[in-house]
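Please consult the sequence and the model shown below while reading.

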Amino acid sequence: GVFGICSKPYEKYVWNGKLLEAVKNTVHRDWLLYIIHGFCGQSKLLIYGRPIYVTLIARRSSKFAGTRFLKRGANCEGDVANEVETEQILYDASVMSFSAGSYSSYVQVRGSVPLYWSQDISTMMPKPPITLDQADPFAHVAALHFDQMLQRFGSPIIILNLVKEREKRKHERILSEELVAAVTYLNQFLPPEHAIIYIPWDMAKYTKSKLCNVLDRLNVIAESVVKKTGFFVNRPDSYCSILRPDEKWNELGGYVVSTGRLQTGVLRTNCVDCLDRTNTAQFMVGKCALAYQLYSLGLIDKPNLQFDTDAVRLFEELYEDHGDTLSLQYGGSQLVHRVKTYRKIAPWTQHSKDIMQTLSRYYSNAFSDADRQDSINLFLGVFKPTEGKPHLWELPTDFYLHHKNTLSLSQTRRSYTYWWTTGVLKHLPLPFDEVTCAENRRKLTVKKFHKYEEEIDIHNEFFRPYELSSFDETFCLAMTNSTRDFMPKNVGIDPSPFTVRKPDETGKSVLGNKSNREETVLQRKTAASAPPPPSEEAVSSSSEDDSGTDKEDEGAVSQRSTPVKVTDTGDNTKMTENVVQSTKDVYGVNLSDVPSEDDLTIYARFVQLGQSQHKQDKSSQLFCSKHHLDRVINLIPISSFSQDNIYEVQPPRADRKSIEIFHAHIQAGKGNMQPLGKDDFLMYREYIRNRYM
């Protein structure tokens, strides 16, 4: 038998927890499906054919959840509005074994400023004034919030505050001043090595400056953050990293164990809305962490990634989809300012899109957010309909639903100085939720499985051999691919995804930025066909990469493809049009319409040669007399294998050593690694000495 461990989900990010309470104790746990609200995206990064899956998962908190202007700040329990935990996962898909596979992960958080504050939208202003609802001199709400973070993530907690600091009229600066006071107060009771790190940076001010590069400054902040927190990887440092360690690798923080590394602490990014500026800052930190993750898996020689490479373009698209989705959920529109906006390379047509997104956000906040907030309150069980009490739409406000202290006074009062949970400081920098203790053991359930049970059989779970699978509907083939969607199609281009390309070099000149599923299936079914130009709806809903190149894409399609009418043999009246790519686009070379006479002569001689050899083989079996063989040309084989011809080829025989190497490769794929011998180490050291020394 096999023993498996089942852990309880983290209730903060479960959105159907209240709905499952009625059946949780009466049905088998396999029927309980815990759902999250947020974003999930996955892309395939091909490094010379080696598949690396890059996954981005965003989990939105179900506590104090709501829409933009209706949920600001924090509630009395320390839960903040628009709190999202974003995790980027790297998986080396060349090894299918879960136990022998290589994984890496990095987590960061966004959330509203943890204070009692709000904005009054009854004035119908685009930017309503910010008001502090309650005085909190002892930072009670901030203490509850950072206590939760210490329990879940450990230390250090790093705050990147992107709120404006210098304004003609005091608006966003109100939040900065209060947050600085709260962090200063809480830090005086923490040990210095575990203090909360506060990084203020007025991103809007630097964006307007012509002398400052916003992303360069963010890259410096990202490097310092990743070095402090580290990241998770499930394998120890490779031998080449120990032999030739990078300078930045030695300064990396986190918690090192025998089986790999653990992330300790987390970056918490916020602006006022936690949408546009926050998403760009999180992308820069994620890009820096991605370089370290690729380096730890042995895929790049230095932990550094450049812009305009296929890998960063793929990662940037993932983060823009991530930002658009979270912005739609909280703000009512897609992102207004993107990474290209801060790089100052956005096309001029992007300004009109930004205006439309701003208007869409304003309309949603003014007219539809109240209904969305009611729906969220009802789904999460914050409001429970009761007979004889007011209906949901009759409530003047939902303030008392989210702030429990308005309904009853708490009998216990937390300490103003020892504001953390008992036992948290003892295990820092490790998070309290992941250490071995009696409280955490109660959250785990040990169950005995049969070794062939489908619940733990990864092969059956992924490949599903008992179901009919269509490759065109398989996500691992249809997902975004760095080679197919980002690498330029020119002949002679370096296929490495870490090579810097020109801004106009991309693999999406025909497909567009976000082709739909039908177009992708059509392209894969017919090798010589390309999907039609995107419709107006697809163009309007795509990200900004499409906006500046719509006309160029249409021109490229019209130049490279010609409509060809294909007549069905069964019905002459049915005509279908198909867009055919040139052979240069498909195969990389130009094929002539008609072969030359010399090529035809060579081909004819090759066919006759094979037919004559075939005649000789057949005749030698049927007739033995020399009289019949005189009519046939006697051919001398020129191949190393005597029986080779165009009809039959004998495969070469593999020697014993080659078979042993192949079996060792198969065992390595299953996770059974053979120990390295003395000769292997000597050979590897000789290789390093000749290559690098």
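## Ser176 and helix α3

Ser176 is located in helix α3, which covers residues 173–187; helices (H or I, at least four residues) and strands (E, at least two) are DSSP runs, numbered from the N terminus. With a relative accessibility of 5%, Ser176 counts as buried. Here buried means under 20% relative accessible area, exposed over 50%, and partly exposed in between, with a 1.4 Å probe and protein chains only.

Leaving out residues up to four places away in sequence, Ser176 touches Asn161, Val163, Lys164, Glu165 and Tyr198, where contact means heavy atoms within 4.5 Å. Between Ser176 and Cys271 the C-alpha to C-alpha distance is 9.7 Å, and the two residues are 95 residues apart in sequence.

## Basis of the description

The model is predicted: local features need pLDDT of at least 70, side-chain atom pairs count only at pLDDT 80 or more, and totals for chains, interfaces and linings use all residues. Residues are numbered from 1 along each chain as its sequence is written, and side-chain values use heavy atoms, with hydrogens and water left out.

## Ser104 in strand β5

Strand β5 (residues 103–110) contains Ser104. This serine counts as buried because its relative accessibility is 0%. Its contacts, not counting residues up to four places away in sequence, are Gln88, Ile89, Leu90, Phe231, Phe232, Val233, Gln293 and Ser296.

The side chains of Ser104 and Gln293 are joined by a polar contact of 3.1 Å. A polar contact is a pair of N or O atoms within 3.5 Å; within protein, one must be able to donate a hydrogen and the other to accept it, and residues adjacent in sequence count only if both atoms are side-chain atoms.

## Nonpolar cores

The largest nonpolar core has 55 residues, of which Leu218, Val226, Phe283 and Leu294 touch the most other members. Such a core is a set of buried Ala, Val, Leu, Ile, Met, Phe, Trp, Tyr and Cys residues joined through side-chain atoms within 4.5 Å. Elements giving two or more residues to this core include β2 (38–47), β3 (50–60), α5 (214–229) and α8 (276–296). The greatest share comes from α8, with 11 residues.

Apart from neighbours within four places in sequence, Val226 is in contact with Tyr106, Leu252, Val285, Cys288, Ala289 and Tyr292. A second, separate core has 35 residues, among them Val183, Leu190, Ile196 and Phe432.

## Salt bridges

The structure holds 25 salt bridges, each defined as a side-chain nitrogen of Lys or Arg within 4 Å of a carboxyl oxygen of Asp or Glu. In one of them, the side chains of Glu172 and Arg277 meet at 3.4 Å, N to O. Glu172 lies in the loop between β8 and α3 and Arg277 in helix α8, so this pair ties together parts that are 105 residues apart in sequence. Both Glu172 and Arg277 are buried.

Arg338 takes part in a salt bridge with Glu320 (3.6 Å, N to O). Because Glu320 lies in helix α9 and Arg338 in the loop between α9 and α10, this pair ties together parts that are 18 residues apart in sequence. Arg338 also forms a salt bridge with Asp324, with the closest N and O atoms 3.2 Å apart. Relative accessibility is 3% for Glu320 and 3% for Arg338, while Asp324 has a relative accessible area of 4%; Glu320 is buried, as are Arg338 and Asp324.

## Backbone features

Most residues other than glycine have a negative phi, and most peptide bonds are trans. The bond from Ser155 to Pro156 is cis, with omega near 5°, and Pro156 is placed in the loop between α2 (140–153) and β8. Leu428 and Pro429 are also joined by a cis peptide bond, with omega about 10°.

Phe64, although not a glycine, has a positive phi of about 55°. Phe64 belongs to the loop between β3 and β4 and counts as buried at 8% relative accessibility. Asp308 has a positive phi near 65°; this aspartate lies in the loop between α8 and α9 and is buried at 18% relative accessibility.
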